[in-house]
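Reader: Hi! I'd like to talk through a structure with you, pockets to begin with and then ring contacts. Could you put it up?

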Amino acid sequence: MNEQEYRERMGRRLTEYIRLRDEFGDKQAREELLDGYVELQAKRMGPLMTTGLADGFRKVRPAFAAAGVHIEIIDASTDGVDSAVEILTTCECRATCEAVGTSEPLSVLCELDNEAARRAFPGMTVEVVRQQIRGAHVCVFRYSRDRAGLEEPLR
């Protein structure tokens, strides 16, 4: 997917969230947007993350780069914990809010991605460390899970 297609997809997603939120409330809007997305996350990312989170996230960097999103991945694993820190200099939430013309700083796109990852990979935690939409210079997310069973596919 190229950058224009990606931006259009994110714009449609944010616009749909705002429409659903205004009609049904935040919680139902999020649930509707997560419908099918959790399974898609498991299908796309599951095979990539069998050897470790950092390794799996590094494999998707080229696709995000083609979409205009710059990501750095740091392996923050310890003996018992598989962990990756994702640093983004491109804030898809901020860029999408600007593109759809909302002055409201909505971080819902990242929040949906993070919730889909949590649901797709039980036992994985996602920590939001920093977000540009909230005034930081970069977006930083930390993903972690117990190392037990990494030799087996997660889904």
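Author: Here you go, and bear in mind that this is a predicted model. In the largest pocket, H3 gives the largest share of the lining, 5 residues.

Reader: Nice. What volume does the largest pocket have?

Author: Its volume is about 740 Å³. The lining has 29 residues, and Arg9, Tyr37, Gln41, Phe64 and Asp113 are the closest to the centre.

Reader: Which elements give two or more residues to that lining?

Author: Those are helices H1 (3–24), H3 (37–45), H4 (53–66) and H6 (108–120), together with strands S2 (81–88) and S4 (139–146).

Reader: And how do the lining residues divide into nonpolar, polar and charged?

Author: There are 21 nonpolar, 2 polar and 6 charged residues in the lining.

Reader: Switching to rings: how many aromatic pairs are there in the whole structure?

Author: The search finds 2. In one of them, Tyr6 and Phe64 have ring centres 6.4 Å apart and planes at 85 degrees; that angle is over 60, so the pair is edge-to-face. Tyr6 sits in helix H1 and Phe64 in helix H4, 58 residues apart in the chain.

Reader: Are those two buried or partly exposed?

Author: Tyr6 is buried, at 4% relative accessibility, while Phe64 is partly exposed at 28%.

Reader: What about Phe57 and Tyr143?

Author: Their ring centres are 4.6 Å apart with the planes at 50 degrees, so that pair is tilted. It links helix H4 to strand S4 across 86 residues, and both Phe57 and Tyr143 are buried.

Reader: Last one: which residue lies over the face of Tyr37?

Author: That's Arg13, at 4.2 Å from the ring centre. Tyr37 is also among the residues closest to the centre of the largest pocket.

Definitions and conventions:
Residues are numbered from 1 along each chain as its sequence is written. This is a predicted model: local features need pLDDT of at least 70, side-chain atom pairs count only at pLDDT 80 or more; totals for chains, interfaces and linings use all residues. Side-chain values use heavy atoms; hydrogens and water are left out. On a 1 Å grid over the protein atoms alone, a cavity is a set of points where a 1.4 Å probe fits but cannot get out, and a pocket is an open set with protein on both sides within 12 Å along at least five of seven lines; lining residues have an atom within 4 Å of a point. Grid points are joined across faces, edges and corners, and a volume is the space filled by probe spheres set on the points. Helices (H or I, at least four residues) and strands (E, at least two) are DSSP runs, numbered from the N terminus. Ala, Val, Leu, Ile, Met, Phe, Trp, Tyr, Cys and Pro count as nonpolar, Asp, Glu, Lys and Arg as charged, and the others, Gly among them, as polar. Rings of Phe, Tyr and Trp (its six-membered ring) pair if their centres lie within 6.5 Å; planes under 30 degrees apart count as stacked, over 60 as edge-to-face and the rest as tilted. Buried means under 20% relative accessible area, exposed over 50%, partly exposed in between (1.4 Å probe, protein chains only). A charge sits over a ring if NZ of Lys or CZ of Arg is within 6 Å of the ring centre and within 35 degrees of the ring normal.
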